[in-house]
Amino acid sequence: EGEERIGLSLALANARLAADQRDRAISCLEKAYEESPASLEIRDLLAEQYRAVDALEPLAKLLTGAAQYIEEAETLLDFAREAASIYGKLGSPDQAIEVLRRAANAVPDDREIRLKLADGLLAAGHLDECETILNELIEHFGRRRNAERASLHFRLAKVKQGQGDLEAALEQLEEASGMAVGNTEIMSMLARLSREAGQHDR
């Protein structure tokens, strides 16, 4: 019965699309997805329509919600990346934490996913968990010092600032500034926190 209902919903949605009634097709697919959230066909067709009309927030919610039904690691990574990218554009990277956690657990050595997770955790104020991830990512660089590593120290400075440890934040900023010379964002934060800490010689 469930498969028959899914088939009917897909047929109706495709008929709406063929008749150039995308909005009605989307409504049909949204109802079908609510009833059968594990359906690959419904999910993919609905996601395709959201992309076609640039419905970013509904698409991100769909990708995030569908993650629990995905078994293939690569598909999960794709969903997590797209959801994180959308939520980043919408100014709410913390909304991608759930799907990024799933992806990071499935593929723990994917640094891009772990960095996006750290950004979401930082935005949500989950500072201790964010700090753990950032330190692990920094360890991966060993003795290498480059702009990519500098960005991690910059994030870690924000974590330490949020934890109220200005001295540790300044140390992280000095590390970052030495690896990304001339980076105005890093230098601006370093100057500002130095003034707050009363260390004008920094």
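Buried means under 20% relative accessible area, exposed over 50%, and partly exposed in between (1.4 Å probe, protein chains only). The model is predicted: local features need pLDDT of at least 70, side-chain atom pairs count only at pLDDT 80 or more, and totals for chains, interfaces and linings use all residues. Residues are numbered from 1 along each chain as its sequence is written, and side-chain values use heavy atoms, with hydrogens and water left out.

**Exercise 1.** Classify Glu136 as buried, partly exposed or exposed, and find its salt-bridge partner.

Solution.
- Glu136 has 40% relative accessibility, so it counts as partly exposed.
- A salt bridge is a side-chain nitrogen of Lys or Arg within 4 Å of a carboxyl oxygen of Asp or Glu.
- Glu136 forms one with Arg114, where the closest N and O atoms are 2.1 Å apart.
- This pair links distant parts of the chain, 22 residues apart: Glu136 lies in helix α8 (residues 127-139) and Arg114 in helix α7. Helices are DSSP runs (H or I, at least four residues), numbered from the N terminus.
- Arg114 counts as buried, at 14% relative accessibility.

**Exercise 2.** Find which residues of helix α6 are buried, and what they pack against.

Solution.
- In α6 (residues 97-106), the buried residues are Ile97, Val99, Leu100, Ala103 and Ala104.
- They cover an arc of only 165 degrees around the axis, which puts them on the same side of α6; the arc is that of the directions from the helix axis to the C-beta atoms.
- The buried residues of α6 pack against α4 (56-66), α5 (73-89) and α7 (111-124), where contact means heavy atoms within 4.5 Å.

Conventions: Helices (H or I, at least four residues) and strands (E, at least two) are DSSP runs, numbered from the N terminus.
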